[in-house]
Amino acid sequence: MSVAHISEALEKVGKLIAEQPEKAKAKNAPATARLLEGLRCEVKGPHGETAYTDMTPAMGGAASAPNPGWLFRAALASCTSTAIAMRAAKQGISLTRLEITVESSSDSRGLLGLDEKVSAGLSNIICRVKIGADGVAPERLGELAVWGDRHSPIACTTRNTPELAVEVEVV
């Protein structure tokens, strides 16, 4: 899609939401994970979306698919890339390069339940952004990257952790 096409689409949806703010809120499509075999899971969405996860052999998996933590980093990288690209298009900037690498650390004691004081959560999350556009000042490209990070739904969720409810149905 061209920068102009993206910009037009964003302008149209922005105008609609400005006129009818209630249309800005939506319930997101659910993701349903089903254990297939061993530690391999199939994750499906309501419109045929499918992803798979597995764990490394050291954790008892077969490494037949990315682990869930990698998918989280992939979601953060792609969501932030999308937010930056949308903002760039809105400003008429044609990016020649946009690449985001997300790194993190973890402590397996949390996942394995070996120490209740150790979180299973990822830590030290870093988004490394490489961005380029012909004829655009580096400061402006830096501002685009920061804006994208501040408006990426996944990045915002990571920073502003929402309440998480767990509902269990024993079958």
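Student: What makes the span of helix H4 close to what is expected?

Tutor: Helix H4 covers residues 138-151, so 14 residues, and reaches 20 Å from its first C-alpha to its last, close to the 20 Å expected at 1.5 Å a residue. The expected span is 1.5 Å times one less than the number of residues. Helices here are DSSP runs (H or I, at least four residues), numbered from the N terminus. Please note that this is a predicted model, where local features need pLDDT of at least 70. Residues are numbered from 1 along each chain.

Student: Which residues of H4 are buried, and how do you know that they line one face?

Tutor: They are Leu141, Leu144, Ala145, Gly148 and Asp149; buried means under 20% relative accessible area, exposed over 50%, and partly exposed in between (1.4 Å probe, protein chains only). Seen down the axis of H4, these buried residues fall within an arc of 130°, so they line one face of the helix. That arc is taken from the directions from the helix axis to the C-beta atoms.

Student: What does the face turned away from the buried side carry?

Tutor: That face of H4 carries the exposed residues Glu139, Glu143 and Val146.

Student: Why is Val170 called exposed?

Tutor: Its relative accessibility is 77%, so Val170 counts as exposed. Val170 lies in the segment after H5.

Student: And why does Ala63 count as partly exposed?

Tutor: Ala63 has 47% relative accessibility, so it counts as partly exposed. Its place is in the loop between strand E3 (50-53) and H2.

Definitions and conventions
Predicted model: local features only at pLDDT ≥ 70, side-chain atom pairs only at ≥ 80, totals over all residues. Heavy atoms only, no water. Helix = DSSP H or I, 4+ residues; strand = E, 2+ residues; numbered from the N terminus.
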